[in-house]
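User: I would like to learn how to read the features of a protein model. Could you take me through them one at a time?

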Amino acid sequence: MVKAVFFDLDGTVADTAPDLAYAVNRMREARGLPPLPLTATRPVTSLGARGLLNAGFGIAPGQDEYRAMRAEFLAIYESNILRDTCLFPGTAELLDTVEARGMVWGIVTNKAERLARLLLGRLGMTARARCIIGGDSTPHLKPHPEPLLAACRAVGVEPSACIYVGDDQRDIAAGHAAGMRAAVAEWGYLNGGNPESWNPDWILGHPLDLLDHL
């Protein structure tokens, strides 16, 4: 019996790609570079600053300018976190139904907890989420299972009674490592991957498809 459902944030619950791309393009504009189309940044949105800075500037962690550029990127993003971001169609209805059926739900994301809470607050969802576990809430990031296990502890539900929904291979790996069933949000960014090769329990074409498995 499913008692709790956990969701990734970017690319699963909310379409944050436009605002993250905006931050990259603000940085490019400041450096005299033309803006990138959303098609260039959207597929790597789930990788956060690392993926977007690589798409925008070809820079990666460990390079000299990366830490300063990451801080610049996050500052711009924080100031523009809800310009065009919105819930994916069907997400609001899904969460309403999960709650109506007596289940709890929460967010487990690699996004910094502070930014996750800021975004969810602006979307009016903070009070509804039983837990919000960010990338800095535990010593580990997904695909390590600890963030999901922390979510289980926060809501008082065993992993075997939980489902995790995400749009990246690491989400499926983390869910299974934590001992819960894991579903792919096929409407998300997918990072150019093939969800069938990730061995999920289910591939969901629309948020409401999850209701068939609760």
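This is a predicted model: local features need pLDDT of at least 70, side-chain atom pairs count only at pLDDT 80 or more; totals for chains, interfaces and linings use all residues.

User: What holds strands together in a sheet, in general?

Analyst: Strands of a sheet pair through backbone hydrogen bonds, either parallel or antiparallel. In this structure, 6 strands form an open sheet with parallel pairing, in the order 5-4-1-6-7-8. The edge positions belong to strand 5 (132-133) and strand 8 (202-204), each of which has a single partner strand, so one side of each has no neighbour in the sheet.

User: Which strands pair with strand 6, and over how many bridges?

Analyst: On one side, strand 1 (residues 4-7) pairs with strand 6 in the parallel sense over 4 bridges. Within that pairing, F7 has V165 of strand 6 as its bridge partner. Strand 7 (residues 181-185) is also joined to strand 6 by 4 bridges, and these two strands run parallel. Here I163 stands opposite R181 of strand 7. Going from strand 6 to strand 7, the chain passes through helix 8, and this β-α-β crossover is right-handed.

User: Is strand 6 enclosed or open to the outside, and why?

Analyst: Count the buried residues, taking buried as under 20% relative accessible area. In strand 6 (residues 162-166), 5 of the 5 residues are buried, so the strand is largely enclosed by the rest of the structure. Both faces take part: C162, Y164 and G166 point one way, I163 and V165 point the other way, and all are buried.

User: Where does helix 8 lie relative to the strands?

Analyst: Helix 8 lies across strand 6 and strand 7, and runs at about 165° to strand 7. R170 is placed in this helix, which spans residues 169-178.

User: Is R170 buried or exposed?

Analyst: R170 has a relative accessible area of 14% and is buried. To see what surrounds it, set aside neighbours within four places in sequence; R170 is then in contact with S46, L47, R50, N110, K142 and P143.

User: How many residues of helix 7 are buried, and what do they pack against?

Analyst: Helix 7 (residues 146-155) is mostly covered, with 7 of its 10 residues buried. The buried residues are E146, P147, L148, A150, A151, C152 and V155. They pack against strand 1, strand 4 (104-108), strand 5, strand 6 and helix 8. Just after the helix, G156 takes a positive phi of about 70°.

User: How should I think about the faces of a helix when two helices pack?

Analyst: An α-helix has 3.6 residues a turn, so residues three or four places apart point the same way. Look at helix 1 (residues 17-30) and helix 3 (residues 48-57): L20, V24, M27 and R28 of helix 1 meet L52, L53, G56 and F57 of helix 3. Their axes are 10 Å apart and the packing angle is about 40°. The two helices are therefore oblique to each other, and their crossing is right-handed.

User: At what angle does helix 3 pack against helix 4?

Analyst: The angle between helix 3 and helix 4 is about 105°, with axes 10 Å apart. That makes helix 3 roughly perpendicular to helix 4. At this packing, A49, R50, L52, L53 and F57 of helix 3 meet Y66, M69, R70, F73 and L74 of helix 4.

User: How do helix 4 and helix 6 cross?

Analyst: The axes of helix 4 (residues 66-79) and helix 6 (residues 113-122) come within 11 Å and cross at roughly 20°. This makes helix 4 roughly parallel to helix 6. Their crossing is left-handed. L74, Y77 and E78 of helix 4 meet R114, L115, L118 and L119 of helix 6.

Technical notes:
Residues are numbered from 1 along each chain as its sequence is written. Side-chain values use heavy atoms; hydrogens and water are left out. Buried means under 20% relative accessible area, exposed over 50%, partly exposed in between (1.4 Å probe, protein chains only). Contact means heavy atoms within 4.5 Å. Two strands pair if DSSP finds at least two bridges between them. A crossover is right-handed if, with the strands pointing away from the viewer, the path from the first strand over the helix to the second runs clockwise. Axes are lines fitted to C-alpha atoms, for helices over the stretch in contact, and angles run from 0 to 180 degrees between N-to-C directions. Angles under 35 degrees count as roughly parallel, over 145 as roughly antiparallel, 65 to 115 as roughly perpendicular and the rest as oblique. A crossing is left-handed if the near helix is turned anticlockwise from the far one by less than a right angle, and right-handed if clockwise.
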